[in-house]
Amino acid sequence: MARPNVLESVETLPVDVTSFVGRRQQVTDAKRLLASSRLLTLTGPGGVGKTRLALHVAAAMRRSFRDGVRFVELAELRDSSLFAHTVAAQLGLHDQPSRTTLDMIIEYLRSREVLLTLDNCEHLIDDCALFIDVVVRACPQVQILATSRQSLGVYGETTLVVPPLPVPSAEAVPSPDALTQYDSVKLFVDRAGAVLPGFSLPGQDCAAIARLCRALDGIPLAIELATVWLRALSLGQIEERLSERYRLLTVSPRNAPTRQRTLQALIDWSYDLCSPPEQQLWARASAFSGSFDLDGIEYVGAGDGMAPEEIRNIVFSLVDKSILIRDEREGCVRYRMLETIREYGEARLVAADEYVAVHGRHRDWYVRMVEQFQAEWMGPDQDSWILRLRREHANLRAALGFCLTQPGDAVVALRMADKLGTYLGVQGFNSVTRHWLDQALAASSEPSPERTSALRRNGWVALLQGDVDAARAQLAEAADLAGELGLTKESAYVTLVEGVKAASSGDTEKAERLTGDALSGFSSGDEVSGKLLAMSIHGFILGLNGQRERGLALLEEAVALTVRRGEVIWRSWALLALSFVELDHDLARAEAAAREALNLRRRVSAKFLMAFAFEVLAWVSERQARHVRAATLSGAAAAMWQAVGTAPDTFQPVGVVHHQHIGTVRAALGDDRYDAAFQRGRDLSEQAAVDYALGTTAPAGEQRQVSGEEPDLTPRERQIAKLVSEGLTNKEIATRLVIAPRTAEGHVQRILTKLGFSSRAQIAAWYVSGQHARGLSLPSN
């Protein structure tokens, strides 16, 4: 069975920003239980360290699974209807036409050997249980590691209770040597050292540290929250205040576990030690989902006596007190809260009767961001906008969800979902686009410009996914509303999509007429995005209909316009259309245009355009009689088409060339050689596929490969590189070659070093590209 593509990023586990302390026994137990169980759930109270343990175990076991590990964070997900979409996105499978997302996930996992880690399942326990039951039954090589505050209740589940860290007994001798045996003390000292550089057990009040760790019941989150106060308080003062706070604790149920009451008390205490403005901002910051930036909290947190200019200092104070966590990536500083802290703040927000008002400001902030994105999209900042919206994805989802719960906000949701459609489409989230548009359209049935635009966009995405019936109905309603409301721009858009629909079914004469009408409609206004898209599509159709010169002139004009604006996406569209038109006329120009479009992808990761670029470059290679390369690129294209939920056959002119190409290459190579090369291409990561298509490699190996210098690999290393390219794990390589697994691992590490690579995928791409050929036999073209 053909295997869907995996986006390069999905195998990357979240990086620990602090050291992992202790848990040796739990790590050993988890590995042992995973060796005999398909499903292991780490259970325990909030703050006990379930996520950190799961990450550590998953990272340690990555090499034991042929296809690696996948990590799915669920804490930020509030809408259970998006559960399957969230899992699919983390697997790199955003869309499948005319199929449920669950079926798509099962097909992907069925033939893979994967450790799937689902983190923070407790608030989605029914969805998680149903999903896990289906996966365990249908995917025999998948194992699941879950974290939850309670067991999932799935047949065959094994649970491992994650206890608090061991604490010194009251009878223990509080000497430094004795205390270092306890992981809770090790954690306390480690985190205290981050607060007070040079902090160590010798010279400290060891008895006080022992009492604190006992009072905190060894809960990692509680210890981390307590140590931050060493900036202002002594060990004795912390112990005294903590004891007082526990004696005042009366609000938790008496039958609640002690550890939960202790953590609640600690959070209460941290809250009480904040000033009223800090408490207020803590509560208001809970409106954010995931992380947020300073501009966002200054807007959302302001009001009722708190000025935006005051908020910066309050944020700094909350970071200092470990209520907010500071993250910095690629020069951008953002803030987040642990989920337990966020939930506590949300409860305070509700108690203050501010929930609706603050979430309304949160909505307004992201509406304004989306409006700004739409206004600035057609310019040189496309790549930075994509990155910004990617960081804000969880908040955008939360804002949309809030709109749909508020009477009178459905039109706002329509406007947001429609304008976000451009970003979501670029990222390949077509099913998510339809999900939000469907919900917003259902909530706002009154005729409006927003409904018209949303219907038109929904029809376009449905068409891309091959759902022609849905597209037809939505486009018809959009056309009626555009006429009724006098929306000339929307009429032009609907006409353009109707033209694409006609071309998709093979009626290129009708498509030429409709896309030409659409272009005329855009030419009379200032809708640059629509005009450029119409120029690309109409130029493409003209080329299909034998009007090459007219088509090329239009496409060249579109490229020139985008270059002047510093725009990338519509330039890629025009370049790929030009490449298609030139395929049977000027092969060198066709290849150059497709390569340029793929190179632009390095700025904005547009999945649909990448799939088309792989496809065109495969056709070019076939016409150059480079049949192994052609088959490999076809495999890479197939993986990317599947990742975005469409296929060449949804657009008949492309489908015709696609099938002709497949037939020619298969005939040249034979079934076995074709299938092997195709599968190697399909299994490449996104970045490895781009490197292969462009003839580039990882920077460390680039000079050696470009110069033609043969890497100094031994015959055995070349043999192992071949097996790596076939997707074998070190264990499987060892079995095949009758060597020890550690010997196989050593060979792979030496290959990585000699080639200047950092991943097995790069070895596979190097092998598939034929650059290993001297000393190994690769089927020739």
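Trainee: Which residues of α26 are buried?
Mentor: In α26, Gly-551, Leu-552, Leu-554, Leu-555, Ala-558, Val-559 and Thr-562 are buried. Buried means under 20% relative accessible area, exposed over 50%, and partly exposed in between, with a 1.4 Å probe and protein chains only. This is a predicted model, in which local features need pLDDT of at least 70 and side-chain atom pairs count only at pLDDT 80 or more, while totals for chains, interfaces and linings use all residues. Residues are numbered from 1 along each chain as its sequence is written, and side-chain values use heavy atoms, with hydrogens and water left out.

Trainee: What covers the buried residues of α26?
Mentor: The cover includes α24 (508-523), α25 (528-544), α27 and α28 (587-600). Contact here means heavy atoms within 4.5 Å. Helices (H or I, at least four residues) and strands (E, at least two) are DSSP runs, numbered from the N terminus.

Trainee: How far apart are the end C-alpha atoms of α26?
Mentor: They are 26 Å apart, which agrees with the 26 Å that its 18 residues (548-565) should span at 1.5 Å a residue. The expected span of a helix is 1.5 Å times one less than its number of residues. Just after α26, Gly-566 takes a positive phi of about 75°.

Trainee: What about α27, how many of its residues are buried?
Mentor: α27 is mostly covered, with 14 of its 14 residues buried. Helix α27 (residues 569-582) reaches 20 Å from its first C-alpha to its last, close to the 20 Å expected.

Trainee: Changing topic to the sheet: in what order do its strands come?
Mentor: The 5 strands form an open sheet in the order β2-β3-β4-β1-β5, and the pairing is parallel. The edge strands, each pairing on one side only, are β2 (69-73) and β5 (157-161). Two strands pair if DSSP finds at least two bridges between them. Neighbouring strands of this sheet are turned by 20° against each other on average, direction ignored.

Trainee: How many bridges join β1 to β5, and which residue of β5 is the partner of Leu-42?
Mentor: There are 5 bridges between β1 and β5, which run parallel, and Leu-42 has Leu-160 as its bridge partner. β1 also pairs with β4 in the parallel sense over 5 bridges; there, Thr-43 is partnered by Ser-148. Further along the sheet, 5 bridges join β3 (residues 114-119) to β4 (residues 142-148), with Leu-116 partnered by Ile-144.

Trainee: Is β1 enclosed or open, and why?
Mentor: β1 is largely enclosed by the rest of the structure, because 5 of its 5 residues are buried. Both faces are covered: Leu-39, Thr-41 and Thr-43 lie on one side, and Leu-40 and Leu-42 on the other. In a regular strand the side chains alternate between the two faces of the sheet.

Trainee: Which helix lies across β1, β2, β3 and β4?
Mentor: Helix α2 (residues 50-60) does, running at about 160° to β4. Axes are lines fitted to C-alpha atoms, for helices over the stretch in contact, and angles run from 0 to 180 degrees between N-to-C directions. Arg-52 is found in α2 and counts as partly exposed because its relative accessibility is 22%. Its C-alpha lies 7.6 Å from that of Phe-20, although Arg-52 and Phe-20 are 32 residues apart in sequence.

Trainee: What does Asn-430 touch?
Mentor: Leaving out residues up to four places away in sequence, Asn-430 touches Asp-95, Leu-424, Gly-425, Val-461, Gln-465 and Val-644. Asn-430 lies in helix α20 (residues 430-443) and is buried, with a relative accessible area of 7%.

Trainee: Finally, how many helices and strands are in the chain?
Mentor: The chain has 38 helices and 7 strands. Of its 781 residues, 56% count as buried.
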